[in-house]
Amino acid sequence: MSYDRKIIEAAIQASGGINPPKDQVDGLWGKLLELEKTGRYSGLLQSFRKANNKSNLLATVLEATFAHQFAIAGMSLAYEVKQTAGQASTIDFRLDGSNGGAVYFELRLLQQDEATVKYIDDQLSVFDAYSAHMDGKDEQKAILRLQSAILQKVQNRNGTPIKFMPNVASDVNIVVIAVSDVLLGTMDSKDCLLTMYGDPEVPLYCRRGIFGLLQQPRPEDPATIQTLAAKHAHIQGTLHGVLFLFRENIDYGVLDYRIKQVIVWNRHLIEQGRARILTTKINSAIPPLA
């Protein structure tokens, strides 16, 4: 039995959507029909029945978009899997490798922060248009928020692993984070590098006083930096890379879209040759950001 379009319509209505464009609904429905044919994504397809607010609907759309682009590139993913038998929670996707190792992808949709959304909404209610900008301080806060979202996918506040397991040596662990709405939609590859490796890795005009998640402290760095680096020890020893996702056309729609990516590898954890092979695979499913 083919996937029912009414499931999508009910999810949109339950999430507060009103009269979305028909082509957007049809486009999403077409992707779900293609995923259904693979016989691998019943859990993902059923997730639309559970959508009851905008955030979880858009997060499920992101998962479907991600899976679909891999599927049409000839790479089917396993959905909601565990890396080890005793793991408390599942990881979103697994791509099995030919050498026995697997690539695990844990997704997160990061939307605009509430303060900026309110500011834009307030302007729209008065002017039917908005003008917003960020200074260096605002951009720093946005990058710190992005770093926090990545950390939360890997460990809790105490540094205890919650997703990826460090004892599975053959596996590659990747956090996938959608960032089209970060920095008012202006985030680029340099911001991705800044997030992961900090100020030293980007030009002077891009620096925001950021210590990267994968950045190594220097002996002369102050105690505050040494303490921060210590909090990143688990993620540096467990996370092989972060895949930053961007909607191909940010103005087109939020139900039916394609994604592009920037991947930043953990150069301290993954061997360069393996990173190149995986980059080629990922690029074939999700094109790199120009």
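Here is a quick tour of the chain, one of its helices and a few of its salt bridges.

This is a predicted model, so a word on ground rules: local features need pLDDT of at least 70, side-chain atom pairs count only at pLDDT 80 or more, and totals for chains, interfaces and linings use all residues. Residues are numbered from 1 along each chain as its sequence is written, and side-chain values use heavy atoms, with hydrogens and water left out.

**The chain**

You're looking at ten helices and six strands; these are DSSP runs numbered from the N terminus, with helices being H or I of at least four residues and strands E of at least two. Of the 290 residues, 46% are buried. Buried means under 20% relative accessible area, exposed means over 50%, and partly exposed is in between (1.4 Å probe, protein chains only). Among contacts (heavy atoms within 4.5 Å) with a separation of 6 or more, 64% come from residues 24 or more positions apart.

**Helix α2**

Helix α2 covers residues 22-38 and reaches 25 Å from its first C-alpha to its last, close to the 24 Å expected; that expected span is 1.5 Å times one less than the number of residues. Which residues of α2 are buried? They are Gln-24, Val-25, Gly-27, Leu-28, Lys-31, Leu-32 and Leu-35. Seen down the helix axis, the buried residues of α2 fall within an arc of 165°, so they line one face. (The arc is taken over the directions from the axis to the C-beta atoms.) That buried set packs against α1, α3 and α4, while the face turned away carries the exposed Lys-22 and Lys-37.

**Salt bridges**

The structure holds 13 salt bridges, each a side-chain nitrogen of Lys or Arg within 4 Å of a carboxyl oxygen of Asp or Glu. Here are three of them:

| Pair | N to O distance |
|---|---|
| Arg-5 and Glu-9 | 2.2 Å |
| Lys-153 and Glu-106 | 2.9 Å |
| Arg-208 and Glu-139 | 2.5 Å |

Arg-5 and Glu-9 both sit in α1, four residues apart, about one turn of the helix. Arg-5 counts as buried at 18% relative accessibility, whereas Glu-9 is partly exposed at 36%.

The side chains of Lys-153 and Glu-106 also meet in a salt bridge. Lys-153 is in the loop between α6 and β4 and Glu-106 in strand β3, so the pair ties together parts 47 residues apart in sequence. Lys-153 is buried at 16%, and Glu-106 is buried at 2%.
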